[in-house]
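Have the view open as you read, and take the points in order.

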Amino acid sequence: MIPVLGLVVGVVLGLVISPEVPTWLQPYLPIAVIAALDAVFGAARASLEGIFNDRVFVISFLSNVVVAALIVFLGNQLGVGAQLSTGVVVVLGLRIFSNVAAIRRHLLGA
Amino acid sequence: MADREEDAGPAPASASSRRPRLRRRAAPTQAEARRRLRAFGRFRPTTGQLVAAVLTAMLGVALVAQVRVTEQAGLEQLRETELVALLDDVTNRANALREEVDQLEEDRTRLLGAEGDAAAAEAARQRLQSYQILAGTVPVEGPGITVLVDDGGSVVTQTMLLDGIQELRDAGAEAIQIGTVRVVASSYVSTDDEGRALLDGQPLGSPYTITAVGDAHTLAGAMAIPGGFSDSLRSAGAAVTVVEADSVVIDALHEPIEARYAQPVPSTGTP
């Protein structure tokens, strides 16, 4: 419950203060957001399966974000930033879809 | 910790005695999942939950910020290759537009500009000048002849005068003055009660001078035609002297009369 409230509070906070994204962060933020979303959906699935662990969630959340940013950084350094970003988005999107599918099966049995 | 509490319920029912920690187990039943969802809805502040809440709050802020940035969609969002492509595109378009501007300006200059304008003005001025000369409303000068006629007492007849004017015109006289009268298209020759010739209703007086602008040699030749103007005047007893000159001046003016009846037919073609 509290993480969901945290998400809502964060969205409201973002709408109210509309933070300026620093330039150095701009290439990494979209991928990082998607990676974090992946972690959140994974956590939702885990909590339905009864194996949710907040330590695991925190670590996976942070590592997802850091690894995603790292991949983008590396891609930019190698000159394949656009392609690598696309790849990361595809992989994370697949994971999000599979997690959502699992959640759906758990809750609706379909 | 929350995990353990949670698992306390379903664990004996669903799974075996071994409890793989944090390992994914067999899929929970629908009832289990729903129960856990309800359990999740309960407010159980633990440290782990709070940390997770902080992380999701950060996610929310980042999400909104990223959406805002994407909405602004500034150039700084683009990568170097995209910027280069964009720059190329813009440069190409700017070049094309500049060429078009040059082309159009050239056209404009040609249509409006000095050449056409000056040419039109020059043509109009020349036409006005030739009309003024034809109508006799301006004094003219140029090469021509001066014919001095001393007839003593009006020996010149209407026919002689008409012949003279006609011969001068045949010889290409561009402007003619007889006595103090400018000869124009509407000039007429008549006689008074005593049979003396009148030009435009005015007596010629004696002696009088005929001045004509044109090719002097041709005009003088026309005057010297046997049986022509000079010949017939001399045979009638008048003294006729023809002088060719590089420059003669015709300063008598004709007062144009506004047409009362004649109206120009409106032009149907292009102006």
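This is a predicted model: local features need pLDDT of at least 70, side-chain atom pairs count only at pLDDT 80 or more; totals for chains, interfaces and linings use all residues.

1. Begin where the two chains meet. On chain B, 45 residues are in contact with 45 residues of chain A. Together the chains bury about 4000 Å² between them, and 67% of that area is on carbon and sulfur atoms.

2. How many salt bridges are there between chain B and chain A? The count is zero. Three residue pairs across the interface are in polar contact, with both residues at pLDDT 80 or more.

3. Which parts of chain B face chain A? Helices α1 (2–8), α3 (30–41) and α4 (47–72) of chain B each give at least two residues to the side that touches chain A. The largest share comes from α4(B), with 19 residues. By type, this side of chain B has 21 nonpolar, ten polar and 14 charged residues.

4. Now look for a sheet in chain B. Five strands make up an open sheet in the order β3-β2-β7-β1-β8 (chain B), and their pairing is antiparallel. At the edges are β3 (181–183) and β8 (239–250) of chain B, each pairing on one side only. From one strand to the next, the twist averages 20°.

5. One pairing within this sheet is worth a look. Strands β1 (residues 140–150) and β7 (residues 208–213) of chain B run antiparallel and are joined by six bridges. You can find B:Val147 opposite B:Ile210 in β7(B).

6. Which helices lie across these strands? Helix α7 (residues 158–170) of chain B lies across β1, β2 (175–178), β3 and β7 of chain B, at about 155° to β2(B). Helix α8 (residues 216–223) of chain B lies across β1, β7 and β8 of chain B and runs at about 20° to β1(B).

7. Chain B also has an open sheet of three strands, in the order β4-β5-β6 (chain B), with antiparallel pairing. Its edge strands are β4 (189–191) and β6 (202–203) of chain B, and each pairs on one side only. Three bridges connect β4(B) with β5 (residues 197–199) of chain B; B:Ser190 has B:Leu198 in β5(B) as its bridge partner.

8. To finish, return to α7(B). This helix lies across β4 and β5 of chain B, running at about 170° to β4(B), and it also lies across β1, β2, β3 and β7 of chain B.

Technical notes
Residues are numbered from 1 along each chain as its sequence is written. Chains are lettered from A and ligands numbered from 1 in the order in which they are written. Side-chain values use heavy atoms; hydrogens and water are left out. Contact means heavy atoms within 4.5 Å. Buried area is the accessible area (1.4 Å probe) that two parts lose on being put together, summed over both. A salt bridge is a side-chain nitrogen of Lys or Arg within 4 Å of a carboxyl oxygen of Asp or Glu. A polar contact is a pair of N or O atoms within 3.5 Å; within protein, one must be able to donate a hydrogen and the other to accept it, and residues adjacent in sequence count only if both atoms are side-chain atoms. Helices (H or I, at least four residues) and strands (E, at least two) are DSSP runs, numbered from the N terminus. Ala, Val, Leu, Ile, Met, Phe, Trp, Tyr, Cys and Pro count as nonpolar, Asp, Glu, Lys and Arg as charged, and the others, Gly among them, as polar. Two strands pair if DSSP finds at least two bridges between them. Axes are lines fitted to C-alpha atoms, for helices over the stretch in contact, and angles run from 0 to 180 degrees between N-to-C directions.
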